[in-house]
Amino acid sequence: MPDGLWWLPSLVVFAAAAVVLTGAVVALRRFGARREQAALADGADVEARAKGHIVRADNAVRDAERELAFAEAQFGPDAARALRSALDSAHGWMREAFILQQRLDDAEADTAAERRTWSARIDGLCASAIGALDDAEAALAVRRRTERGAHEELPALRADVERLERRRIEAGAMLGRLATRFAESALAPARAAATRVDTALAGAGGALDEAEVRLGRSKPTADLLGAAGDRLDRAGRDLDEIDSVELSLAAAQQEAAEEAAALDRELVAARRERDAQEDADAADAIGIVIGAASAAMAGRAELAGDPFADRDRIRACRDRLEVARAAARNAQGRLDGARGALGGAMAIAESQLRVARSAIERGGHAIGAEARTRLAEAERQLIIARQEPDPVAALDAARRSTSRASDAEALALYRGY
């Protein structure tokens with residue numbers, strides 16, 4: 001090869017590499033295009049389903065708009081508020097769905113991933129719109145069924161009013177009989193229930209009258225019938241309370257008698273405890289409660305017409321007596337415990353005093369005033385303990401004597417004070 005053509009083989013190699021590289025790039029692009037086309041083809045079914053969903057949702061919105069106008073004319077704006085709110089939400093969802101569908105319909109090419117995302121979003125928006133409208137329209141359907149049943153419900157409620165009015169008359173007669181035997185305070189809850197019954201029946205009757213007028217004018221009545229039903233339910237519960245008052249009074253009489261018998265037994269025991277009580281304050285406290293309970297027992301005749309008050313007063317007396325007796329028992333227990341511990345405490349104090357005296361005597365003149373003062377105070381507290389008639393106070397004095405004697409010993413041994 002002539003020297004001037006040394007570069008020719010390299011040129012051939014580079015040219016061949018360029019051809020191969022170009023072919024590879026073209027092949028890769030063709031492969032990517034074919035894969036994207038395949039993905040777009042696979043997403044065509046999803047896009048078609050989204051389009052169908054948009055049509056159904058848009059039709060549901062248009063139907064709901066007509067239903068809203070009809071419902072507001074039939075029931076009024078308040079009753080149709082839920083459907084109007086659902087429509088407002090559905091309009092917002094459908095606006096977004098139409099924007100996404102417009103992107104799918106544009107001539108500009110979009111990636112398969114974007115188209116799948118937009119189609120799925122359209123499906124979700126349309127489902128939300130249809131679901132919200134279905135729920136609101138279902139509630140209106142229930143309201144319409146209720147209105148259609150009003151022609152049957154109104155006579156039934158009228159019959160309930162008449163039945164409860166008869167019960168009210170019977171209850172009034174019963175209260176009149178009970179008033180000859182019991183005080184008005186005992187019958188006050190039943191009287192209040194009777195007043196509530198009268199109010200409820202009057203309100204229910206007025207609501208039914210208005211409902212009847214509305215039915216004649218083809219206006220909604222469900223709210224009035226519901227209110228009347230609620231009032232009648234309350235009236236029925238109050239009448240049940242009135243009907244049970246006679247049995248409640250008899251039960252209260254029996255309970256009052258049982259409570260009085262129990263209190264009488266407890267008073268006997270409380271008097272014995274008071275007389276045996278060594279603590280004067282505790283004895284006085286239990287004596288005051290005994291006096292109050294005895295007065296309550298003697299005055300039971302004043303509450304004969306109100307067994308509820310009679311029973312409750314006796315129960316309160318029993319509670320107060322039990323508290324006073326428990327306090328007295330605790331006070332006596334403290335005295336007994338102190339009396340039992342006093343002998344040992346005195347022995348310990350005397351022993352500690354002997355030890356302290358010995359320590360001070362051994363120290364002689366070197367023992368200072370503080371140790372001698374503690375010893376003198378210990379001796380004084382021991383004298384108090386021997387002379388104190390109250391075992392609790394005596395026990396405290398004996399323990400103070402031991403403590404002061406210990407201090408005196410320590411000062412004499414370790415400080416030389």
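Ala412 is found in helix 10 (helices, H or I of at least four residues, and strands, E of at least two, are DSSP runs numbered from the N terminus). The model is predicted: local features need pLDDT of at least 70, side-chain atom pairs count only at pLDDT 80 or more, and totals for chains, interfaces and linings use all residues. Residues are numbered from 1 along each chain as its sequence is written, and side-chain values use heavy atoms, with hydrogens and water left out.

At 11% relative accessibility, Ala412 counts as buried (buried is under 20% relative accessible area, exposed over 50%, partly exposed in between, with a 1.4 Å probe and protein chains only). Apart from residues up to four places away in sequence, Ala412 touches Ala359, Ile360, Ile367 and Ala371 (contact means heavy atoms within 4.5 Å). Ala371 lies 41 residues from Ala412 along the chain, yet their C-alpha atoms are separated by 5.8 Å.

Ser401 is also found in helix 10, which covers residues 391-415. Ser401 is buried, and its relative accessible area is 0%. A polar atom of its side chain lies 2.7 Å from the backbone oxygen of Ala378. With neighbours within four places in sequence left aside, Ser401 is in contact with Ala349, Leu353, Ala378, Gln381 and Leu382.

In helix 9, the buried residues are Ala371, Leu375, Ala378, Gln381, Leu382 and Ala385. They cover an arc of only 125 degrees around the axis, which puts them on the same side of helix 9 (the arc is that of the directions from the helix axis to the C-beta atoms). An α-helix has 3.6 residues a turn, so residues three or four places apart point the same way. On the other side of helix 9, Ala369 and Gln387 are exposed. Helix 9 (residues 369-387) has 19 residues, which should span 27 Å at 1.5 Å a residue; its end C-alpha atoms are 27 Å apart, in agreement (the expected span is 1.5 Å times one less than the number of residues).

Helix 7 was examined in the same terms. Helix 7 (residues 280-298) has 19 residues and reaches 27 Å from its first C-alpha to its last, close to the 27 Å expected at 1.5 Å a residue. Its buried residues are Ala282, Ala283, Ile286, Val289, Ile290, Ala293 and Ala296. Seen down the axis, these buried residues fall within an arc of 145 degrees, so they line one face of helix 7. The face turned away from the buried side carries the exposed residues Asp281, Ile288, Ala295 and Ala298. Cover for the buried residues of helix 7 includes helix 6 (245-276) and helix 8 (307-363).

Charged pairs come next. The count comes to 27 salt bridges (a salt bridge is a side-chain nitrogen of Lys or Arg within 4 Å of a carboxyl oxygen of Asp or Glu). In one of them, the side chains of Asp209 and Arg158 meet at 2.7 Å, N to O. This pair links distant parts of the chain: Asp209 in helix 4 (residues 184-216) and Arg158 in helix 3 (residues 112-179), 51 residues apart. Asp209 is partly exposed, at 41% relative accessibility. Arg158 is partly exposed as well, with a relative accessible area of 26%.

The side chains of Arg167 and Asp240 meet in a salt bridge at 2.9 Å, N to O. Here too the pair links distant parts of the chain, with Arg167 in helix 3 and Asp240 in helix 5 (residues 222-243), 73 residues apart. Asp240 counts as partly exposed, at 44% relative accessibility.

Asp310 forms a salt bridge with Arg300, and the closest N and O atoms are 2.8 Å apart. Asp310 lies in helix 8 and Arg300 in the loop between helix 7 and helix 8, so the pair ties together parts that are 10 residues apart in sequence. Asp310 is buried, with a relative accessible area of 5%. Arg300 is partly exposed, at 26% relative accessibility. Elsewhere, salt bridges that share partners join Glu255, Glu259, Glu266, Arg311, Asp312, Arg315 and Arg318 into one network.

The protein as a whole has 10 helices and 0 strands. Buried residues make up 35% of its 417 residues. Among contacts with a separation of 6 or more, 78% are between residues 24 or more positions apart. The protein exposes about 24,000 Å², and carbon and sulfur atoms supply 55% of it (accessible areas come from the Shrake-Rupley method with a 1.4 Å probe; for residues, only the protein chains shown count as cover).

Note on methods:
Polar contact = N/O pair within 3.5 Å; in protein donor to acceptor, adjacent residues only side chain to side chain.
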